[in-house]
Amino acid sequence: MLNKKNKTYYVCVFFFCLFVLFLYGPTFTIVLLSFQGPDGGLTFPLNGVSTYWFEELWRGGSVVDIGSAFKRSIILGVIVMILTVLLSVSAGLAFRKKFWGSDTLFFATVASLIVPSIVLSLGVALQFRLLDDFTKWLGSTFDINYINEFFQTTLGMFTSGLGAQLTWTLPFGLLIMFAVFNRFDKSYEEAARDLGASPWKTFKEVVFPLIAPSIIGIALFGFTLSYDELARSSQVMGAGNTLPLELRGLTTTVTTPVIYALGTVTTFVSFSVISISIACYIWLKRKKG
Amino acid sequence: MKLLKLKPSVGLLSIPYSLIFIFFFFIPLILTFIISFWDYNEYSIIPDFIFENYSYIFKDCLNFEKDMCVTFKTYLSTFIFCFITWFFTLIIGFFVAYFLAFYVNSITWQIVLFLLCTIPFWTSNVIRMISWIPLLGRNGLVNDFLLSTGLVDAPQEWLLYSGFSIVLAFVHLYTLFMIVPIFNSMMRIDKSIIEAAYDNGANGLQILWNVIIPLCKPGIVIGSIFVITVVMGDFITIGIMGGQQIPSIGKIIYVEMSYLQLPAAAANAVILLALTLLIIWIMTKMIDIRKEL
């Protein structure tokens, strides 16, 4: 059989280890380099060990306002996470039966994952530009003071930015729901219904506990994909940049390890979120079983 | 949630989800198509029905006496990146999935190792690109190593901000897109089929070629679609890893947007989208995606 521990097995193990090294090695090097002394540069060897670059980052020294970009990214990530969970779970429930437009919606879900991000970003930007023009036209035609004086743009982090990110996170959420319901044992639900539970009660008491671990997975995708999202929101964030957008700008301007310190911090945030999610997942699975 | 009470209308639960896709997916794409026929000047876009945006893209492209036009050159370069990236992600992704599916026996370990491959996907892409700098730069580890062993006598410049580093970053970022669907296909293979082949005297290589690869075709196709489309529309990886020097289709759109030449950008986007859809259409002819989830 294949699982016999022969020569091929060890070749495969070696290959897999190399791949893991390839995946994590580079990130590990920048974590290492971010802890350099004040004289450190962008490459090895390490010049002493200190937390100087983190302090520099904290002070905001050479860099744009990273603190507020960081805050914006976290807030947007949490909102995207909540919406992704709510919308994809409810759509997932709907998709268990065929409904009017379900094929089109499924098509849109898959298409959204593979449409080039720049195309979608452009589309959303165009849409909001037209919306702006329309609002200004309304203001001038009907003499609406509020619009004429205060209106600037509809483009923004919580309008166009949020929507653009949702087209990226929602498909992952719905596909996870599909995977869950494809393996879902309907007899529990039927039993609840036979015992006279209302649909809402059936969902709350039976279906929800069963799918809860997967919902953690959807939340994880929602937050992390939004927190790191760049291509889709690049044209539609409006005035305030998120962290990935600032980071991309920094790659061309910053020449000190401060950028590695920032990388270490964001990677730390991502890893914390991932670990918490995995812990929750395991906890929920245990509780159920 | 009251909606659940009306049994036939569970479908209504999809409305919020649908609204997002109508407003942020369908309408923007339709607008892009419409505006690609509009006119523009320095500050505004003007409703019109002209073909200049398209004809400008293919200007000089049908003049075969001159060099290849910029558009064709850019597309060609993007296709080459697509192909090389596709090739490496497929080979690496396949063997990682193969190892996970057939050589790791305990389910717990399978999950742990699978997660190990997935976790980087949830971290920042930009950071993962930047993290190649200390390795590939002029004074990076690779150059240090090459110099100290005497393999080269001057630092190699082609390691970073080059086609090489772009492909490396793509493979680094997107091999997961191959691993997941191929692994999924492999886990569905009935182990008794493999045993039957083995009992009939097939060796490991024959089983791989005649049993496993054909049964993994759907996974391979789905993974390929993801990798190819993501590389086709990329402007960020090519920008950062190419030192902003190497052109790509995505970058043309990006630059035109920053000059507010929106209808021109829209025309480029329509062509890019059409090409991407064509590739996907050809590939999906081979499988039914919905069955694979």
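Predicted model: local features only at pLDDT ≥ 70, side-chain atom pairs only at ≥ 80, totals over all residues.
A crossing of two helices is called left-handed if the near helix is turned anticlockwise from the far one by less than a right angle, and right-handed if it is turned clockwise.

Helix 8 of chain A, residues 186-194, and helix 9 of chain A, residues 199-227, have axes that come within 10 Å and cross at roughly 165°. Because angles over 145 degrees count as roughly antiparallel, helix 8 of chain A is roughly antiparallel to helix 9 of chain A. The crossing of these two helices, helix 8 and helix 9 of chain A, is right-handed in the sense given above. On the side of helix 8 of chain A, the contact is made by Tyr188(A), Glu189(A), Ala192(A) and Arg193(A), while helix 9 of chain A brings Thr202(A), Glu205(A), Val206(A), Val207(A) and Leu210(A). Sorted by class, this contact has five nonpolar, one polar and three charged residues.

Helix 9 of chain A also packs with helix 7 of chain A, residues 157-182, at an angle of about 160°, with the axes 9 Å apart. That angle makes helix 7 of chain A roughly antiparallel to helix 9 of chain A, and the crossing of helix 7 with helix 9 is right-handed. Among the residues that make this contact are Trp168(A), Phe172(A), Gly173(A) and Ile176(A) of helix 7 of chain A, and Ser214(A), Gly217(A), Ile218(A) and Phe221(A) of helix 9 of chain A. The residues of the contact between helix 7 and helix 9 of chain A divide into eight nonpolar, seven polar and no charged.

Chain B comes next. It has 14 helices and two strands, and its C-alpha atoms fill a box of roughly 75 × 70 × 40 Å along the principal axes. Of the 293 residues of chain B, 41% count as buried. Among the contacts in chain B with a separation of 6 or more, 67% are accounted for by residues 24 or more positions apart.

Where the two chains meet, the contact takes 78 residues from chain B and 78 residues from chain A. Helix 1 of chain B, residues 15-35, gives the most to the side of chain B that touches chain A, with 15 residues. By class, that side of chain B has 56 nonpolar, 19 polar and three charged residues.

The largest nonpolar core has 144 residues, and those with the most contacts inside it include Leu122(A), Ile253(B) and Ala269(B). Helix 8 of chain B, residues 163-188, supplies the largest share of this core, with 15 residues. Leaving aside its neighbours within four places in sequence, Ala269(B) is in contact with Val119(A) and Leu122(A), and also with Thr32(B) and Ile253(B).

Finally, two residues of chain B deserve a look for their backbone. Gln244(B) has a positive phi of about 60° although it is not a glycine, and its place is in the loop between helix 12 (236-241) and helix 13 (249-258) of chain B. Gln244(B) is exposed, with 12 other C-beta atoms within 10 Å. Leu260(B) likewise has a positive phi of about 60° without being a glycine, and it lies in the loop between helix 13 and helix 14 (262-284) of chain B. Leu260(B) is partly exposed, with 15 other C-beta atoms within 10 Å.

Technical notes:
Residues numbered from 1 in each chain as written. Chains lettered and ligands numbered in written order. Core = buried A, V, L, I, M, F, W, Y, C linked by C-beta atoms within 7 Å. Buried ≥ 20, exposed ≤ 12 C-beta atoms within 10 Å, placed from the backbone. Helix = DSSP H or I, 4+ residues; strand = E, 2+ residues; numbered from the N terminus. Contact = placed C-beta atoms within 7 Å. Axes fitted to C-alpha atoms, helices over the stretch in contact; angles between N-to-C directions. Parallel < 35°, antiparallel > 145°, perpendicular 65-115°, else oblique. Nonpolar A, V, L, I, M, F, W, Y, C, P; charged D, E, K, R; others polar.
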